[in-house]
Protein chains: 4
Amino acid sequence: MNKIYFRNDYSEIACPEIIENIAKYSQGHFVGYGEDEICESAREKIKKYLGDVNCDIHFLVGGTQANTVMIDAMLKPWEAVASVVSGHINVHEAGSIESTGHRIEPLPEHDGKMDPEELEKLCIVHEMEHMTDVRGVYISQATEVGTIYSKEELLKIREVCDKYGLYLFVDGARMGSGVIASGVTLREMAQIADCFYIGATKNGGMIGEAMVIVNDDLKPCYRRLMKQHGALLAKGFILGIQFDTLFTDDLFFRLARHENELALYLKEGMKKLGVRLLCDSVTNQQFPIFENSIIGKLSEKYQFEVWEPGDQETVIRFVCSWATKKEDVDQLLSDVRNLIK
Amino acid sequence: MNKIYFRNDYSEIACPEIIENIAKYSQGHFVGYGEDEICESAREKIKKYLGDVNCDIHFLVGGTQANTVMIDAMLKPWEAVASVVSGHINVHEAGSIESTGHRIEPLPEHDGKMDPEELEKLCIVHEMEHMTDVRGVYISQATEVGTIYSKEELLKIREVCDKYGLYLFVDGARMGSGVIASGVTLREMAQIADCFYIGATKNGGMIGEAMVIVNDDLKPCYRRLMKQHGALLAKGFILGIQFDTLFTDDLFFRLARHENELALYLKEGMKKLGVRLLCDSVTNQQFPIFENSIIGKLSEKYQFEVWEPGDQETVIRFVCSWATKKEDVDQLLSDVRNLIK
Amino acid sequence: MNKIYFRNDYSEIACPEIIENIAKYSQGHFVGYGEDEICESAREKIKKYLGDVNCDIHFLVGGTQANTVMIDAMLKPWEAVASVVSGHINVHEAGSIESTGHRIEPLPEHDGKMDPEELEKLCIVHEMEHMTDVRGVYISQATEVGTIYSKEELLKIREVCDKYGLYLFVDGARMGSGVIASGVTLREMAQIADCFYIGATKNGGMIGEAMVIVNDDLKPCYRRLMKQHGALLAKGFILGIQFDTLFTDDLFFRLARHENELALYLKEGMKKLGVRLLCDSVTNQQFPIFENSIIGKLSEKYQFEVWEPGDQETVIRFVCSWATKKEDVDQLLSDVRNLIK
Amino acid sequence: MNKIYFRNDYSEIACPEIIENIAKYSQGHFVGYGEDEICESAREKIKKYLGDVNCDIHFLVGGTQANTVMIDAMLKPWEAVASVVSGHINVHEAGSIESTGHRIEPLPEHDGKMDPEELEKLCIVHEMEHMTDVRGVYISQATEVGTIYSKEELLKIREVCDKYGLYLFVDGARMGSGVIASGVTLREMAQIADCFYIGATKNGGMIGEAMVIVNDDLKPCYRRLMKQHGALLAKGFILGIQFDTLFTDDLFFRLARHENELALYLKEGMKKLGVRLLCDSVTNQQFPIFENSIIGKLSEKYQFEVWEPGDQETVIRFVCSWATKKEDVDQLLSDVRNLIK
């Protein structure tokens, strides 16, 4: 019997519309390295969501790659990027940023988020010249624990960036989910951030992250840097197909809305059952806390990840993807009800 | 009107068998990061071609990435890799090897190939401790200009590697074509090289390069290094599908044979017409030389790359892929006959 | 009027014995790059203090350089070094370790020191392969705040290193002071650490740090790595003169003892006056805490550094060097008595 | 018996004036990291030779360090530096430039020098975006084989730099000798180059290279980068003493003139004896060619380096330093006369 899948949002190949387009284009020939007409079409469709900013858009394969290439582009050798301690680059990328020669200056996390005052304090302390020069800021929308920045929160960080001459980069591996939950549109993001990416891998696409570069300083030679990092895909048109499909008829946002809605339904259901949650996630990841005795039983029927093991209780993660079905959530809630009573 | 495509071997999405399998698996769920059952199946199928060596196999997305991660794994900070000046890493990867801190020590190229005596001389000169310590050797099968190493040539390079303690790494972006042309099997390659990869991107696959690591020294923590380089794909199963399909029923080699056969047919046809060629390529890339006046006319009907422009003559490149048709080559030869008479 | 100098222990050129030897050797000729007879003599003299371990000794110019070259030698690309958050490499070397591609994994500090249990926990957490592989451990003897590791404490850290296959590297910029205060001899250090250095810059020498490499794994090609980092001084014999002089007639330890004794005299004097101290430093740096109103007056007559400014109180640092005189400390204590009454 | 020393120009501690000043200042106290008054005085004295350019001056310890820090400051991650194949950074720095992530793009050497037309051609070829972006130019005055660039030659390279937006950096490890031989003054160098250094190590100083940064782009945060590379000496005042002494009463140039004069005397003497030379060096290094049978006899009495060993003949190097005496050259010439007759 196949278990019901809440493991993550990158467990399926892609949504049906993309599978169809892959087949549809399989007879064609395309020029390489993202200079084909499908990539161009995809860029134009994305730009319609970005308003009238003058930006460059590049398609990369994955999130770690996108983070590494962008931060490497932003920084001179003596410069560092600030991140909360729980930021993906600071924990789960096996030292990728440092491998490009740059230090991550850690800040405390508050439900996964950065505090602008703590960022400012960091900048002041680092005026001392035996320290790195903080030049970049890395945040994620949504965060690692499913929380989101409101527009007001983003603007406060932007203010510190302007005051100290910092670049603001937003990791958007789950940007779809983040946009739906926060109400901060891509257009607003393009006005606030210097650069950010829109993740397809976790939002119905087969692979691909669309990097949006707004700040002119960061645009020159970006493709050379991608090439150097092995991030300039020969068959760039495969990435183009992802975004061309997802940004047709709002598909990207429809999938994101589906993910969030089911996750919030799951969350409310858990709360009604008296299950506590690690934090108040408003996106497609939810982190309920169960007694250890229950974990084993749940795992007989469901696929999920253990987030924080403990002696008596364990935090686990349920993720809803574009492919998750409401009946699967209902089944889960029903089973949990039986297990905890 | 669509032009006839001889531009390169990565212009199509993938061969039909892969498109079908993508669709077939699109309803499934898979664990991430290459630890799924399709990747495992693909590894087993490849291993059947490798004989009884004890090797690790990892799937990466592209050639530059594969080269960079492997060479970074091989070398300590003060160590360098030897390559012929025309090696892909030395010319067309935008400084990727150097970006990981390592120097490429250049050797002369002989129809794209390395001379073992020149390699040995390099090792001797570099005993001087103000120079890098040469530790890795990078060659390509097939080379950038379509030539191949015979088994005897590979063994001579291996001999120097053994004498000076060097790792031998073979870039196999066009390994399929190389195996068919040289007769050096994957099994023999696994006995000679410390590590090499088998390229799918240019041999009918959608994306993907299968890195084969034979030498135990190079195996530990390879997945961590891939993660660090953004080369550990979340949806690793997409890469698994490529190789599982290609290594079923010899599909990989059938496609490679098709590529080579048409390219040799094209080459013989050109020679009969009196067209000279840059070198004696025996694989799927051919480099005819034309008077400049003809280039423009050819490009009205055909897609190809200019390899070496000159004042009077120009070297151009025709590449045959799994999708190239015999009638396209016939049409090309017919048109060339008319143009040059 | 010249102020009385408690600013640091690298404010004077060098102790008289070294100045004399510089003059004495100024008529000679020496081969370059540390292969001269004075360097050889210095190495032999140091080795007499190290017992019968089989070690390599290299002379480097400064502490940041010594830290960077050694940690770069220890680690493969995906590996990291553990350090307490207050470690010099983690704060005041402008990202030098990260510039070589390696991440520093931070641990809490306890009066400047590392807790072996926290180190072990870090190793366990980092078994997860999306994280760096912790391979090196960096500690300082004496620490940044003048505290020291006892032999027992060092052995407990060694135990964790042995269990998890870690290299233990000890920053010895103030090793002289550390040896005197802790009673852990160089011989014992050579039995416990894989590598460490003995700092001359802050212990009476003009410049120079002597890197002692005990672990055979870390010895090969070290000079090549030094050259690459610009750390292989052409006039290596100048460094040789430092250590040949300092390790004659126990001069190195006599100077260290002088530094410590005056600092402890200063500390006891402060305590008698009721002045609190930041921590219980037992070496040549002392960190008294004064009301802000007093700081300005003190600075009219004395050179010192502000360590931690506060709204009402400020921690300042007094450092005793080989050149500090007892009457200067007496004068200081007398002035403090008058200021605080 | 001590052999007569022609081995190199960094075999002595320092010229007498510096030894005296070291002793003179040995009672003083100085602030650290090059912010003391002697460093400031040294900078002012050097600036008098530079005319009215607005430049920053930093003191580093050695040549490899100076090259690495400057080139790292000049380049973004995807950018490369052009150098002739025989350039010191391309051969004898153990991969230092590559260790900072940057590729050296090699150009042919013509008696150690770069051809501006070849540089321009390189820039054009590298417009292809799968290659590095050439951004820096590295040349040496004097070169590795003792030749020099005339003002006209420098201006032609400058012209290419201006046309393609390149930074021109001049390695001045033997700048003193280069200024005397070429007639290109430091003032002119500061008008032509974006940055260059003035070497003391090989020109009578104990240690030290003075980096002159003219181009405003290269000035910000240079001290942070030095710190990161371990190149910001705690006892910066020791470097200050070198340059303050050497740039008093033209001492630097008097020593350089002495070196060159004796070397040219040696060269003319050799030529009169019929000894051929590798190239027409006009500075303090000379490269005579002898039959192998003579080399052994010469080495019984003289210290020198073998430059290029051959089957029958060998190129050896004689270097004159500030300490070389005319009678030593006379003795050498006399001995050669006897040996070759």
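# Chains that meet and helices that cross

Guide: In this predicted model, 100% of the interface residues of chain A are also interface residues in chain B, so the copies meet through the same surface.

Visitor: What rotation superposes chain A on chain B?

Guide: A rotation of 180°, with 0.0 Å of shift along its axis, and the RMSD is 0.0 Å. The two copies are therefore related as by a two-fold rotation axis.

Visitor: And chain D, how many of its residues are in contact with chain A?

Guide: 13 residues of chain D are in contact with 13 residues of chain A. On the chain D side, helix α10 (residues 222–228) gives the most, with five residues. Sorted by class, that side has six charged, four nonpolar and three polar residues.

Visitor: Over to chain C. Why are α13(C) and α14(C) called roughly antiparallel?

Guide: Look at the angle. Helix α13 (residues 292–301) of chain C packs against helix α14 (residues 326–340) of chain C at about 150°. Angles over 145 count as roughly antiparallel, so α13(C) is roughly antiparallel to α14(C). Their axes are 11 Å apart, and the crossing is right-handed.

Visitor: Which residues of α13(C) and α14(C) meet?

Guide: From α13(C) come Ile294(C), Lys297(C), Leu298(C) and Lys301(C). On the α14(C) side they meet Asp335(C), Leu339(C) and Ile340(C).

Visitor: What makes three residues of that contact charged?

Guide: Asp and Lys count as charged, and the contact includes Lys297(C), Lys301(C) and Asp335(C). By class, then, the contact of α13(C) with α14(C) has three charged residues, four nonpolar and no polar.

Definitions and conventions:
Residues are numbered from 1 along each chain as its sequence is written. Chains are lettered from A and ligands numbered from 1 in the order in which they are written. This is a predicted model: local features need pLDDT of at least 70, side-chain atom pairs count only at pLDDT 80 or more; totals for chains, interfaces and linings use all residues. Axes are lines fitted to C-alpha atoms, for helices over the stretch in contact, and angles run from 0 to 180 degrees between N-to-C directions. Helices (H or I, at least four residues) and strands (E, at least two) are DSSP runs, numbered from the N terminus. Angles under 35 degrees count as roughly parallel, over 145 as roughly antiparallel, 65 to 115 as roughly perpendicular and the rest as oblique. A crossing is left-handed if the near helix is turned anticlockwise from the far one by less than a right angle, and right-handed if clockwise. Two residues are in contact if their C-beta atoms, placed from the backbone, lie within 7 Å. Copies are superposed by least squares on the C-alpha atoms of residues with pLDDT of at least 70 in both.
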